Structures are given as C-alpha cells and as structure tokens.
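Subject: The model, and what I found in it

Hi,

Here is the structure I promised to pass on.

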Amino acid sequence: MSLPAATLEAATRHRLRAWEALPWLAALGAFFLFPDYLAFGTQVLVMILFALSLDLVLGYAGIVTLGHAAFFGAGAYTVAMLAAHAGWNEPLSGLAVAALVAGLLGLASGWVLLRTHGLTLLMLTLCTMALLEQAANMFSGFTGGFDGMPGLAFQPILGRFEFDVLYFRTQYLYALAVLFACFIALRVLVHSSFGRSLTGIRENLLRMHAVGAPVRARQVLAYAVSAALAGVAGAVFVQATSYVNLAVLGLERAAGVLIILILGGYGRLYGAFVGALAYLLLEHTLSKAYPTAWQLGIGITLVLVALYARNGILGLADALRRRWRER
Amino acid sequence: MDLASILLGGLAAGMVLFVVSVGLSVTMGLMGFVNLAHGGFAMLGGYAVVLAMRHWGLPFGAALALGFVAVALVAALLERTLYARLYRASELDQVLFTIGLVFVMVAGVTLTVGPETQGVQLPPWLRGQTDLGFLKYRTYSLALIAFGVLLMAALWLGFERTRIGAQIRAAVDNRRMAESMGVNVRRLFTLTFALGSGLAAAGGGLGAEILGLDPQYPLRYLAYFLIVVAVGGLGRVSGVFFAALALGVLDFVLKVHFPKGGTMFIYALTIAFLLARPQGLFGKRA
Amino acid sequence: MQARRRWGGVIAAAALAVAGGASAQTVKVGVVLPFTGVGAEFGQQVDRGMQMYLKLNAGAFAPYKVELVRRDSKNPSGAEAKTAVQELIAQEKVDLLAGFIYSPDAIASAPLATAAKKPMVIMNAGTAWITNLSPMISRVSFSMWHAGHAMGEAAANSLKAKTAVVGYTDYPPGKDSLDAFKRGFETAGGSVVDAIPMGGPGQVPDFTPFFQRAKDKKPDVFFVFVPAGDHAVSVMKTYAALGMREAGIKLVGPGDITQDIKLQSMGKDAVGLITAHHYNADLDNAANRRLVAAWKQEYGADSTPDFMAVQGYDGMAAIAHVVRTLGGRIDAEGAMKALKGWKYDSPRGPISIDPATRDIVMNEYLSELVLKDGRLVQKNIGVIEAVKDMCKELKAGKCAQ
C-alpha cells in the first residue's frame, strides 16, 4: 500500500528537486534584466538571509522571538567597528568574525533566556535587543550613535571585486553568493537528524522530554546557529551599504523580519524567499506610487493574508495545490 | 531631590501605563490572543478625545467618556467580524493580523487627520500646580494618580464582586472548565475585548498630555505595554497595576539620577525580574 | 488626496517634458523626504515650501521646466534614503538631489552623490559636519551650531545670564546643540553647570524627571534642545507644570522648540520663552509677508509656514538659480560653482552659501514669545547678522576633518 502524497513528500523533502534551482536562476536573471535595481535587490537578498536565520529558530525550533535584530545588529556593528577602529576591512574575514560574535551572543543569551517560553520569552528577547540598542547609543563614541558611522570602506572581495558605490553590482553578487552558501549549510542542517529533532521539539515537547532528548541543549544550539546567520546578514548589509546606525538593532527591523517570515510561510526555508520578495516588492512599488498612503495597502494585505492564507503565501500555495490534486 | 516629587511623578506616568495596559493583560490572559494592535486602540481613543473637544466643543471628561464608548464599540465590531476568525489560528498568524491592523490604523489616521502631533487642551482646573501642604505638585499628575487608584478599585470590585467578573476570572484560569460550567465564553470574549480596548482608548486620551499623541503612538509604546503585561502576569489586574507603577517610578528615578543610561536599566531590570519570576508578579506558574 | 494631486503634477510635468522633446528643457530633481512615519509632518512642510516657491515665482525656471520626482525616505535610518537616491540616480536619471530631513539620510546618501556627481541640496539635516562629506553637498537649511552658538552668546550678553543648565535629546543634533551653546555661552563669560541628556529622539519622554533635576540646580537660564515637533510642546507644558518660571529660571532654546506649526498648541505657558533661530512666521520683511499670505490662502487660515517650509522654499530658489545660470544643462562642476557664493533675499532675510564650506550663511533672530490678540506671536528682540556655521569656523570636534 503506497503512502499518502503528503507523507511521501515530507519524507523525501531532503532530496534536491529540480525546481529548487529556480530561485537562484531568477536571482541571476534579475542581475542582467534589472541592472538599475540592484541596490534594492541587495536589500532583498540580505533580508532573505535574515529571514532564513529566523526560520531556523521560529519555523524549526518553534521559538518566537521579537529580538532577532540583536544578532543582525551585532554582526553589523562588528564589521563596522573592525573597519573603522581596527583598520580591518577585508570583507570575507569580517563576515567570519561577525558570525562568531553574533553566534557567541546567541549562545549566551539563548542559554539564559530559553528556560522561559511564551510571552515571557518574547519580552525577554525584546528587552535584550532594546538593551543592546541603548548600549550602542550610550557608547556613541564607538558606534556613531543615531547618526551612525558613514564612509566605511571595504577592500575588494578576494582582492579583485571592488564594491560598486553607484550601481551595487558587486554587492548584489556578493550577497547572492553568501546567501547561497548559507542556504546550502542551513538546508543540510535542517534535514539532518539535528534538524529533525528540532521539529520534534517544536511539535511535541513532552514526547521529546520523555524520550530523553537533550531539549534545552538543542534549542540553545539552534538559537546560536541562527544568531550567527543573522550576524552574517547584518555584516553583508553593512559591507554593501558602507553605513551603519542604530536602526540595525531596532524593533522595526526585528518586527519586519518576523512579518516577512510569517507572510511567506515559516518552517519551510523557501518561505523566507517568497516573503522577503513579496513584502519588499509590495512596499517598494506602493511607496513609489503613493508616498503617503502605502502603509494602508501593506496593512490591508497583511490582514487579508492572515485571515485567508494560513501559513503564509506558501501555505496558500500548498492548499491550492492540494485542492487541485483532489478534484 | 525630594522623594515625594519623584514618587508622584513616577506614579503619574505609571498610572497612564496601567490604564492602557490593563485591557491588554486581561484580553491576552482570557483569550490567549496576541493583540499587538492594542496600542492602536489607545491611539484611536486619544484622537477621538482630541477631535471631540476640537470640533464638537466637548469638555475633557465628556470627550474621554465618548472615546471610551466609541472605541469599545469599534473593538467589539472588529472582534466579532475579524478577531474571532483567528482564535484557532496559530500565534504567528495572530501577530501578522494585528500588526497589519496597526498599519491600517496608523495609515488611516495619517490620511484622515494628518501626521502632526495632536495636543490636548486641558480644562483650567487640571492645569498648573496644586498645593498639597508639604509640596506643590503638577495638578494633572495628581489627577492621574487619583483616577488610576479609582479605576483599580472599580476593576477589583468588578472582578471580585460581580458575576461577570467571576466568570472572566474563571475563564482566564481554565477556559474549558468555565465553558462546561455554562459560561458563555464567546460573549465574554467580546465584552472583555470591548472593555479592554475602551480602557486603552481612555488611557490614550489621558496620556496625551504626557506621552503625546501622533500616528506613531501604537508602535512606539508597544514595548512598554508588553513589558508591563509580562511583568504583571497575564490576566492579573493587580499585577498590571503594581507592574505599571513600579515601571513608572523606576523609569522616573533612573532618569533623574542617570539620565544618560536610564532606559538601559529598565530593560536590564525587566530581564532580571522575568528570569527570576517568569510568570510575572501574580501570574500562575505554567 | 494630496498624494493624487502631487502624482498628477508629476505626470503632467513628465508629459510636458516628453512633449517638449529635448531633455535640456526639463530639469529633473529627485526629492527625498519622509512622507510616512515619524517625519511625515516635516516632509510635508518642506514639500509645501517647495511648491510655494514654484507658485509664487512661476517664471523662475523659465524657459526651462522642472520636474520633481518624490521618494519616501520612510524612517530615519538612512537605508531607505540610500536606496531611494540610488534609484533616482540610476533609473530616473535625475539632475539634482534635494530634501533630506534627517541627518542619517543625508549621511548615507553622500557617497552616492559624490560617485555620480549629482549636486545634493540639503533642506534640513542639521549635523554640522555633513557638508564635509561630499563636494556635491550644499546646504540651505542650518547647522545646529547656527542657533546654538548664537543663543549662547545672546544668553550671556543680552540676557545677562551667568549660569546655565542644558537639557538636550540624546542624539547627535542634541549633542551638537549642547556643544554649540556651551561654546557660545562660555566664550561670552557664562558657565554651564549641568548637561542633562533627556532620552532619545524616538519617543517623547516624560520630561518631568529631567526638568526636576534642572530646577534643583537653580540656573539663570535653562537651554533646551529637543527635536522639532512633539517634544517641544511637552517641554513647554513641563516647564509650566513644574513652576520653573516662578523659580526664576528662564527657558531658552533654538527655534526648533518653537516651530510655528506647534506654536499655538503650547498655550499661555509659553509666554516669555526666548529663542534664537533663522526663521519664524512672524518675521517682518516683504518676502515673508508674501509667503505667509499665500500659504494661508493655499493651506488654510490655521496653517502656517515654519523654518522647514522656508528651507524648502529657499532650496527651490537655489535650484532655480543653478538652472538659469547653466542654461538648463546641469553639470556638477557648474552647479557647485553657481551655488557657492549664491545670494538671495529669502523670507528669512538675506542668505548666502559660503563658498568655502558650501553651508548656509544667514541671520539669527532673537525672539520672545508674547500674547497678541489671544495668539502666541514671536516678537523680535535682536538679530545677529550673517552667521556662519561656527562648528566649521572654529574647527570644533568632528568639524575639523
């Protein structure tokens, strides 16, 4: 007797499908088709990476956080301060250090905070991020505070590819390459036994405790890895725009990435792609057409998606696909 | 710097937080619904008060009452038509919905009234200073404190002495049990949501003098409202009361003595408190 | 409603441009302002100022046409502004950039202006060293030092104050303002006894604790800088509520705290407040009388221009000057040359652009708030003429780079 289609699909999800090449081809295509929009494109790529990092903790480990920008900001400021104060502006090694710093921050805060859950955990993550933001403002001698650190210069990537101030060509491909590498790593992680245990923790906490799985340890580890990835996203952001200020640690950024992930569909990696593209594209086109009224359009869209599309856009696509199959 | 004026200033600020946040705590505790749009209702209330005073010449008190009723009605309507559909949805879909709703509220207000801050013109008897004997203090702050205490008393009586209050408390503690005892939980939801949002509206109007009122209000103060609810313990009115006052006074003291890093301490202390006591002041242990 | 009107205007101008044929006939100006979010109010004022200039000086650009392409810079993080500027340059191929309310927006956009060689006319952002960031930048608005330094001097010389406490919002413009006032005040013989950071620009905090602290120091003068907008009204209320005037402490500040659009909502508490600024709607000169009258006719009797509006107005005047001088074909070098040393009779009095720093040189007016026919009105009690940005003049702090 063959298994139902949904189970079969879930069981073989780790295998690479042909259509998975699509997003990358599309991104490369965009590079050639929309050469004037690469600054915007780079922002989308950075946001996708950030949303992917959130998906690991939220979609897979089931940890709801409003403070993920803490790690984005940690990575961002690491790279910025290395470049401005220590003269260390080699981009790839900067990424590595940013990932390390953000990851350690995630490890420490995860270890302390993840003993709580629900609203308490949500508030704790929010407060941690707000604390970091205030600290960055207090030490504005180092961080530039509200006005930020302008004019950060970075060495060409691999010594050859210079950052392109005006058209963002190098930045776009750089962000794409980093996103690709991180995505592959994340995909492997998520389909490994570690990743599956995270899903187990999310779906049925009691049972995982009962089988003796090291629940807290797994959660903290996932949190740390997610923080490192968020740090990489923040680092790429700063390197691409050569500017950082307090907004990288702000609630607006943290809430934004949460909305994007929910919109696209969490727990399935590609939701980050869909959500980031859909939201940023919508925001961008609406704000150009209606500089004063675009927030209304976004708000209505979010409300409609929440009401009618459970599990975001990809969830909606799934539901439609299932209905198509069953007819 | 004398203790009395610091205490009074902090208590006044805390009272505003209390009035706005108490509704959020009860609805989150009762309905388990993450309503990030709560600040939006506060804002709408504030705008209702300002517009009623400006265009219809209503006195401050009457405008507050109007704001309370108007927003409560709007909230009840939204609850029946939209919120109710999401009770079974995941937390995250609720977050998405309420944030979308806030955007709509913010944009709606910006487009209809404008992006400017709105000022409240207090009636003469609320302005200036009052002589308490040992101290002269800002009249409005004293009025806020008095109002907050009265509200707390009224809510306490309502929860402890009325049947509906008992029903709400029961439903917060154990919804299924309450349902099986014959409590009409659906109607309770609507009533509580309307009441909570109405209180938020009143808080928005009352706080306009101190916290300001503009379209950015809901998002700017969201973090503070959530902190008060978390520290107070979900669904616990007395918890919200003391948490709001504590936050108000602490914030005030820190700003006077450490204006540079004041807010940092608030977050640090909140973190320390919530780690030590995750269920909040009076919440039940999960 | 307004969005549609603006959008319609852009379409009309674009259609004219297409019909007109040669690109030299239409000058495209990329306008980066916050149309949503915390700065929406200010974006609106600057935008209206720009439109007022076009309305009152219809022939200023003739025979060339000007097309304004607007982009929302949203929140003051700089990132949105940078993306907007990049697109204005790359896609819209604008000839000039204008706007920039918040300093981070201008700071983030400077490298793009340099790389693309597009003149950037700053219509608000007040951090002093911004003009050093790019040779393409010129500023028609102000630096925090213009008003701060002037107020410091005036406090010591005109108000005869010996001691002062400074309260400031804790972010770069606030710190700039503190440094400026301190420099001006202490050079003139006064002494600043306490500097109190009063929360961040994002929230309007309850000022009571900070003002309480200032009151206890018993200074002659309390200099307050808060961002223009909501903060200012709260400042006034708190000052009155704590009885600081009765305690003999004079409240002074830069004109940001008496922004004309907020003035009437401050009520009687604000009477006696002394400010130094480059503009207020009650200035008595021909150009301003004309502007105020036209403004009220267009936007309602209760509305008023303010310093941001006049900055938009003057910015358009500067751009018109560039367009006329260069004959419709904008090149970077020519534009910067035309701007340096430009003089104009603005509603704020005579202004010019300093050729050395590309920053504005203008009068600072000392004004006192009085009640006239039940309304708050700024009474002129002094003027310091042709004030430069003292930060760059004295090479103070970051301005030295």
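Below are my notes on the chains, their interfaces and the salt bridges.

One thing before you start: this is a predicted model, and the numbers are computed from it.

**Chains B and C**

Chain B has 11 helices and 2 strands. Reading from the N terminus, its elements go α-α-α-α-β-β-α-α-α-α-α-α-α. Its radius of gyration is 19 Å, close to the 19 Å that the globule rule gives for 286 residues, so chain B is as compact as a globular protein of that length. The C-alpha trace of chain B spans about 55 × 45 × 35 Å along its principal axes. Of its 286 residues, 62% count as buried. If you take the contacts in chain B between residues at least 6 apart in sequence, 76% of them join residues at least 24 apart.

Chain C is built from 13 helices and 14 strands. Here the radius of gyration comes out at 21 Å, close to the 21 Å from the globule rule for 401 residues, so chain C too is as compact as a globular protein of that length. Its C-alpha trace covers about 70 × 45 × 35 Å along the principal axes, and 67% of the 401 residues count as buried. For contacts in chain C with a separation of 6 or more, residues 24 or more positions apart account for 69%.

One residue I looked at in chain C is Thr258(C), in the loop between β9 (250-254) and α9 (260-263). Is it buried or exposed? Thr258(C) has 3% relative accessibility, and the cut-off for buried is under 20%, so it counts as buried. Setting aside neighbours within four places in sequence, Thr258(C) is in contact with Leu263(C), Met266(C), Leu273(C), Thr275(C), Leu369(C) and Gln378(C).

**Where A meets B**

Chain A and chain B each put 40 residues into their contact. The area buried between them is about 3,600 Å², with carbon and sulfur atoms giving 82% of it. How many salt bridges are there between these two chains? The count is 0, while 3 residue pairs are in polar contact, both residues being at pLDDT 80 or more. On the side of chain A that touches chain B, the elements giving two or more residues are α5 (91-113), α6 (118-138), α12 (251-264) and α14 (294-308). The largest share is from α6(A), with 12 residues. By type, this side of chain A divides into 30 nonpolar, 9 polar and 1 charged.

**Where A meets C**

Here 29 residues of chain A are in contact with 37 residues of chain C. The two chains bury about 3,000 Å² between them, 60% of it on carbon and sulfur atoms. In chain A, the residues that lose the most area to chain C are Phe146(A), Asp147(A) and Leu166(A), together 23% of what that side buries.

The rule finds 1 salt bridge across this interface: the side chains of Glu283(A) and Lys74(C) meet at 4.0 Å, N to O. On the chain A side, α3 (38-60), α11 (215-241) and α13 (270-289) each supply at least two residues, and α13(A) gives the most, with 5 residues. That side of chain A splits into 15 nonpolar, 9 polar and 5 charged residues.

**Salt bridges inside the chains**

Over all chains the count comes to 25 salt bridges. In chain A, Glu20(A) pairs with Arg187(A), with the closest N and O atoms 2.6 Å apart. Glu20(A) sits in the loop between α1 (5-11) and α2 (22-33) and Arg187(A) in helix α8 (residues 169-191), so the pair ties together parts that are 167 residues apart in sequence. Glu20(A) is buried at 6% relative accessibility, and Arg187(A) is buried with a relative accessible area of 10%.

Arg268(A) forms a salt bridge with Asp318(A), at 2.7 Å between the closest N and O atoms. Arg268(A) is in the loop between α12 and α13 and Asp318(A) in helix α15 (residues 312-326), 50 residues apart. Arg268(A) is partly exposed at 23% relative accessibility, whereas Asp318(A) is buried at 17%.

In chain C, the side chains of Asp47(C) and Arg70(C) meet in a salt bridge at 2.9 Å, N to O. Asp47(C) belongs to helix α2 (residues 40-56) and Arg70(C) to strand β2 (residues 65-72), and both residues are buried. Finally, Arg139(C), Asp359(C), Asp389(C) and Lys392(C) are linked in a network of salt bridges.

Cheers

Methods. Residues numbered from 1 in each chain as written. Chains lettered and ligands numbered in written order. Heavy atoms only, no water. Contact = heavy atoms within 4.5 Å. Buried area = accessible area lost by both parts, 1.4 Å probe. Helix = DSSP H or I, 4+ residues; strand = E, 2+ residues; numbered from the N terminus. Nonpolar A, V, L, I, M, F, W, Y, C, P; charged D, E, K, R; others polar. Rg over C-alpha atoms; globule rule 2.2 N^0.38 Å. Buried < 20%, exposed > 50% of the residue type's maximum accessible area, 1.4 Å probe, protein only. Polar contact = N/O pair within 3.5 Å; in protein donor to acceptor, adjacent residues only side chain to side chain.
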